[in-house]
Every structure is written in C-alpha cells, then in structure tokens.
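Try each one yourself before you read the worked solution.

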Amino acid sequence: MSKESLQKVSILAISFIVVSVGAIGGNIPEIAKSFPEVPMTMIENLVTIPALFIIPSVLLSNTIAKYIGYKKTVLIGLGLVFFAGIMPALIESFPIIFIARCLFGFGIGMFNSLIVGFISYFYSGNERAKLIGFQSAFEGIGGMTITFLVGQLLRFGWQASFWVYALALPMFILFALFVPDVPYEDMINRNQKKAAKTSLTDNENNTSLIGVIGYIALLFVGVNIYMSTNVKATALMSTLGYGDATDGSTIISVVGIGAMSAGFLFGKTLNVLKKYIVPVSFTLMGSSLLIIGLSNSVFVTAIGAILCGFSFRTFIPYLFNKVNSSPSINAGLSTSLLLVGFNLGSAFSPYGIAIIERLNIFGSIRGVFYTEAIILFVFAATGLAFISLKGIRNKQLTTVNED
C-alpha cells in the first residue's frame, strides 16, 4: 500500500469509533445486576452521558489544536478513548466507570470535528467530497461492527465487552505513523486558500453564518426524525402484527446498509445533484417514511429503511463538505457547530419524537410516519424555493454588473 493510501486509511480509520457511544446499550441489564444499589437511571446514563461530553469537547477541539497542533489533539483524543474505553473492563467501581464514560465522550469530541479538517487540508475538489462521504460510511460501518462485537464479548461478561474499545489503539498507531503534523496556522490558511480558489469557479460554495445556522436546524430536524424512525419501526410492525423485536433489529441493520452505501457513493451523488442534494435527500427520506407507514410486510419496511438511511447519510456529508468549501466562514468552527447540532438532535430525540406524536393528526401509529414525511416534504419544498430565488437573484446581479 502506498504512503498516500496509508494516510487516507489512517484519517478515515478514526471515524470507525466515532458513533460507538451507544454500542454498550445491551450491557445495561447485566451492569444493573452488578450494581443493585445504583439507581437504574444512573446506569442507563452510561449510554447517554458520553454524548453530553462530546459537545463541549467538539467546541474546544479547535482551540486546543491552536496551542498544541492538530495531530497531537487527535492523538490525545484517541488516547482518552482507548484508556477510558477499556477502564470499565479493568475496574468494577461504578463511580470510576461513570467518570470513564464521561472522558470517553470528551475524547471522541476532541478529534471528531478535526477529521473533516484533515481531509480538507490534504485533499480538494471531488477527492475531498469523496473522502468526506467515505468518512460518513466508516462511521456507519464502525457503529455496526462495534455493536456486533460488544454483543459477542458480552457472552464473557459485561466487563469483557468493554475491551472492544481497544480498537482505538491500532487507530492511534496508524494516525501517529502515517498522518503528518499540521500546524494550526497552516491548516487555517491552506483551507481558506482552497475554499477561495473553489469559490472563483463556483460561487454556490459561499456560505454565511446564517447559512450555517440553517444547516444546524436541518441537522436537528433530520436527526430527530431519523432517530424516531429507528424507534418507531419496531412498534409499527408489532402493533400491526407483521413483525416482532427480531424484525425490528433487522430493520435497524438495513438502515445502516443504506447509510453506508450513501457514504461510499457521496462523491458521485454530489456530482449529479450538486446544489439540489438537500431537497432531493429530504424528498427521498420523506418518501421512505411513506413507504414504511403504508407497509404491511417486513420486506417493504426494509426497503423504506434502506432508502431512509441512504437519504439521511447523503445530506449530512454534503453539509460538512459545504462549510469546508466556503472562504467566507471559519470552517473548523462551522464543522464543530454542525456536530453540536447533530449531537443535540440525538440527545433530545426522545422529546422530538414526543412532539411529532403530538403533531400526528392521523390518529394511528402509521400517522407518525405520515406526519414525518409531510415535515420533510415541506422542508424540501422550502429548500427548492430558496435555491430558485437565490438563482434568480444571482442572475439579476450578473446582469447589473454586465451593464
């Protein structure tokens, strides 16, 4: 394998562990048996608490990188993930395990937003878009693989399952060996120059702070609906009598297949859809929810789930590619803010699901999916209208400048 290929693999490999926070969810009943004196809510927090610590860490990562460099920041984050990740396998003390899970989330946040920065620094154009898509795919593959491995290790006890986070060690070694150090100023200047060069040939790449806020809102809504789909698909099938919990697990798995496919195909999808990728993704996602809502079989529900995962993981890398292509904003900060929006959407998804259920005017569990589809179609139509108005405005400005 060439040096350049090893560099790509080393950058992408650290995405493998990014969405592994919830992988230990199956451990909760066994952990509860070992700590009968600890309230169940506290034990359940072992799954959710890392996400809360990801948010401040993501916001601080660029500041930390300013003082110690991007590579050292990533390596410290990976080191935290490794040591905090395996700590519950070594020490059977609930307070220490709880603290370790907090540090685990903080470690992930330290390198999560910097992955896209490294991709933008070393690559540009279609290659950058392709690798950002691959990064999204690696997240999906990692989440599925680690969840599976946790289930297998759980046979040897709940503590043994935490050894899965030892995977962070080879990632640490790969990144340390094959990814060059990048000084803070070089990263900022080079990425800005690349974005400015791109904007000369494609003024659609310019994004304002208001645009970033809009993207965060899109992420928040999209993540809430995506999470509710995972939760409600099993309830739909069991309520209507054509599936059970095992079928629900299968549906969640095929959502991941759709998401991975979207990541690997993102570069080609972007070349075809260009600026229309978000409204098209929301339209496809809305259609997938209609399919699930109308379904009377596991097979049809699975088709809708694959389409849901594909559309969701198509618009997410587009947003990260977009903010890293704009010379008019701080790409590092914008990437961090998008990740905060994503994590907030995940953390508050139970409340989002409750709101969607209240908006359901159809009076049935199918109606939840219909309501979500309508919301996405409205967002898609709004996006198309905005793109059209922006196109008309740009033409008018071009005409005035020519005159």
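**Exercise 1.** Work out how the span of helix α13 (residues 298-323) compares with the expected one, and how covered the helix is.

*Solution.* This is a predicted model. Begin with the length: α13 has 26 residues, and from its first C-alpha to its last it reaches 38 Å. Finally, look at the cover: 19 of the 26 residues of α13 are buried, so the helix is mostly covered.

**Exercise 2.** Decide whether N112 is buried or exposed, and find its contacts.

*Solution.* First locate N112, which lies in helix α5 (residues 94-112). Its relative accessible area is 6%. Buried means under 20%, so N112 is buried. Then, setting aside neighbours within four places in sequence, list its contacts: V18, V58, E139 and L339.

**Exercise 3.** Find the buried residues of helix α1 (residues 3-13) and name some of what covers them.

*Solution.* Step one gives L6, Q7, S10, I11, L12 and A13 as the buried residues. Step two turns to their cover, which includes α6 (114-122), α7 (125-153) and α8 (168-178).

**Exercise 4.** Describe the chain as a whole, and say where to read it with care.

*Solution.* Start with the elements: the chain has 16 helices and zero strands. Its radius of gyration is 22 Å, close to the 22 Å from the globule rule for 403 residues, so the chain is as compact as a globular protein of that length. Now check confidence: the mean pLDDT is 86, and 92% of residues reach 70 or more. Over residues 199-203, however, pLDDT is below 50. Where pLDDT is low, predicted coordinates should not be read in detail.

Methods
Residues are numbered from 1 along each chain as its sequence is written. This is a predicted model: local features need pLDDT of at least 70, side-chain atom pairs count only at pLDDT 80 or more; totals for chains, interfaces and linings use all residues. Side-chain values use heavy atoms; hydrogens and water are left out. Buried means under 20% relative accessible area, exposed over 50%, partly exposed in between (1.4 Å probe, protein chains only). Helices (H or I, at least four residues) and strands (E, at least two) are DSSP runs, numbered from the N terminus. Contact means heavy atoms within 4.5 Å. pLDDT is the predictor's confidence in each residue, from 0 to 100. The expected span of a helix is 1.5 Å times one less than its number of residues. The radius of gyration is taken over C-alpha atoms; the globule rule is 2.2 Å times the number of residues to the power 0.38.
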